Amino acid sequence: MADNKRHGEDAGDDRLDDEVVDDVADDDASSADEPVSRGGTATRSRARAESADSRPTTRSETGRVGVFGRIARFFREVVAELRKVIWPTRKELLTYTAVVVTFVAVMLTIVGVLDYGFAKVVLFVFGNSD
């Protein structure tokens, strides 16, 4: 009997999981711009028309913003984006710098060796003009 009760509890948990998954699926379906397939007649154009009517007008739609207003908005947006940046710590910065300098040194060595080798081959093939 304990097994039956336990099995019943598991079944109840499965139903709850299914309900949660169904709710998530319904939210995804309703947020997409796809027509509803449950007998409704909603279309993309109707959804866009309804959302356009309820949208408040902004200053850029009602009037022209001056040059200084656009420059000020630009700097406000730059500051807002810089606040979102996750700046590296000093240790991370030194590590990243060491990696970059090492990589550049290795690539410089490879290119230098190849350049020297190709120069010797070209001089050998075409001869030295001395």
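Visitor: How far apart do the end C-alpha atoms of residues 93–114 lie, and how much of the span is helix or strand?
Guide: Those end C-alpha atoms are 32 Å apart, and the span is 100% helix and 0% strand. Helices (H or I, at least four residues) and strands (E, at least two) are taken here as DSSP runs, numbered from the N terminus. Bear in mind that this is a predicted model, in which local features need pLDDT of at least 70 and side-chain atom pairs count only at pLDDT 80 or more, while totals for chains, interfaces and linings use all residues. Residues are numbered from 1 along each chain as its sequence is written, and side-chain values use heavy atoms, with hydrogens and water left out.

Visitor: Which feature does UniProt place at residues 93–114?
Guide: The unreviewed UniProt entry gives "transmembrane region" for residues 93–114; its positions follow the numbering used here, feature names are shortened, and annotations may be inferred rather than shown by experiment.

Visitor: And how many helices and strands does the protein chain have?
Guide: There are 5 helices and 0 strands in the protein chain, giving the pattern α-α-α-α-α along the sequence.

Visitor: Switching to the surface, what share of the 130 residues counts as buried?
Guide: Of the 130 residues, 0% count as buried, where buried means under 20% relative accessible area, exposed over 50%, and partly exposed in between (1.4 Å probe, protein chains only). The chain's accessible surface is about 12400 Å², with 62% of it belonging to carbon and sulfur atoms.

Visitor: Where is F75 placed, then?
Guide: F75 sits in helix α4, residues 67–84, and is exposed at a relative accessible area of 51%.

Visitor: How many salt bridges does a search of the whole structure find?
Guide: The search finds 2 salt bridges, each defined as a side-chain nitrogen of Lys or Arg within 4 Å of a carboxyl oxygen of Asp or Glu. R73 pairs with E77 at 3.9 Å, N to O, and K84 pairs with E81, their closest N and O atoms being 3.2 Å apart.

Visitor: What separates R73 and E77 along the helix?
Guide: R73 and E77 are 4 residues apart in helix α4, so about one helical turn separates them. K84 and E81, also in helix α4, are 3 residues apart, again about one turn.

Key:
Areas by Shrake-Rupley, 256 points an atom, 1.4 Å probe, with all protein chains shown as cover.
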